[in-house]
Amino acid sequence: MGKYLLEADYVGPGIAGLIREGGSRRRAAVAELFQSMGGSLEAFYYAFGEHDVLTIGELPDDATAMALALQINASGAASCRVTVLVMPEALDHSVRKTGRYRAPGANAEQAALAKWDDEGGHPAPDDASDDIP
């Protein structure tokens, strides 16, 4: 099971529904949604700021998290965004994996970089005779 952060905002009919039902009933509805998709709701908070609701829950996999978000967004009453949460132990495992990566500009000739064309983002021609009028 993975952990997911859902950031949600009520829109249009969702705001009216929240006023009518109250906060506790909405939390129960979201918990039921998580359970119906094989997961569990761990935390549910209303917030001042960028988002109306912040939740953390467990779901079987990323596809299930996307399906949950699609259901919420398709309702027209709320919009949400899902973020996969990563445990510190998973990061520990990740930092031991290596690959080959060359950063932009690494191993490039310094002379070519010095002639970089500010406007086009391409190395400038070696001599002015290559310029097209």
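Helices and strands here are DSSP runs, numbered from the N terminus. The model is predicted.

**View 1. The whole chain, element by element.** The protein holds five helices and four strands. Read from the N terminus, the order is β-α-α-β-β-α-β-α-α. Of its 133 residues, 22% count as buried. Take the contacts with a separation of 6 or more: residues 24 or more positions apart make up 57% of them.

View 2. P60 sits in the loop that links strand 3 (53-59) to helix 3 (62-74). Buried would require under 20%, and exposed over 50%. Leaving aside residues up to four places away in sequence, P60 touches M1, G2, M37, G38 and G39. One of these, G38, is 22 residues from P60 in sequence. In space, the two C-alpha atoms are 6.4 Å apart.

View 3. The four strands form an open sheet, ordered 2-3-1-4, with antiparallel pairing. Which strands lie at the edges? They are strand 2 (40-46) and strand 4, and each pairs on one side only. Neighbouring strands are turned against each other by 20 degrees on average, direction ignored. Strands of a sheet pair through backbone hydrogen bonds.

**View 4. Strand 1 and its two partners.** Strand 1 covers residues 2-10. Seven of its nine residues are buried, so the strand is mostly covered. How many bridges tie strand 1 to strand 3? There are seven, in the antiparallel sense. In this pairing, K3 has E58 of strand 3 as its bridge partner. L5 has I56 of strand 3. Strand 1 also pairs with strand 4 (residues 78-85), again antiparallel, over eight bridges. There, L6 stands opposite V82 in strand 4.

View 5. Strand 2 and strand 3 run antiparallel and are joined by six bridges. L41 stands opposite G57 in strand 3. A43 stands opposite I56 in strand 3. Y46 has V53 of strand 3 as its bridge partner. The hairpin has six residues between the strands. Within this hairpin, G49 takes a positive phi near 125 degrees.

**View 6. The two faces of strand 3.** In a regular strand the side chains alternate between the two faces of the sheet. Which residues of strand 3 make up the covered face? They are V53, T55, G57 and L59. The uncovered face holds L54, I56 and E58.

View 7. Helix 3 lies across strand 1, strand 3 and strand 4. Helix 3 runs at about 165 degrees to strand 4.

**View 8. The largest pocket.** The largest pocket holds about 370 Å³ of space. It is lined by 21 residues. Which of them are closest to its centre? They are Y10, R26, V30, I72 and A78. Helix 1 supplies the largest share, five residues. By type, the lining divides into 14 nonpolar, five polar and two charged residues.

Note on methods. Residues numbered from 1 in each chain as written. Predicted model: local features only at pLDDT ≥ 70, side-chain atom pairs only at ≥ 80, totals over all residues. Heavy atoms only, no water. Contact = heavy atoms within 4.5 Å. Buried < 20%, exposed > 50% of the residue type's maximum accessible area, 1.4 Å probe, protein only. Pairing = 2+ DSSP bridges. 1 Å grid on protein atoms, 1.4 Å probe; cavity = no way out; pocket = protein on both sides within 12 Å on 5 of 7 lines; lining within 4 Å. Points joined across faces, edges and corners; volume = space filled by probe spheres on them. Nonpolar A, V, L, I, M, F, W, Y, C, P; charged D, E, K, R; others polar. Axes fitted to C-alpha atoms, helices over the stretch in contact; angles between N-to-C directions.
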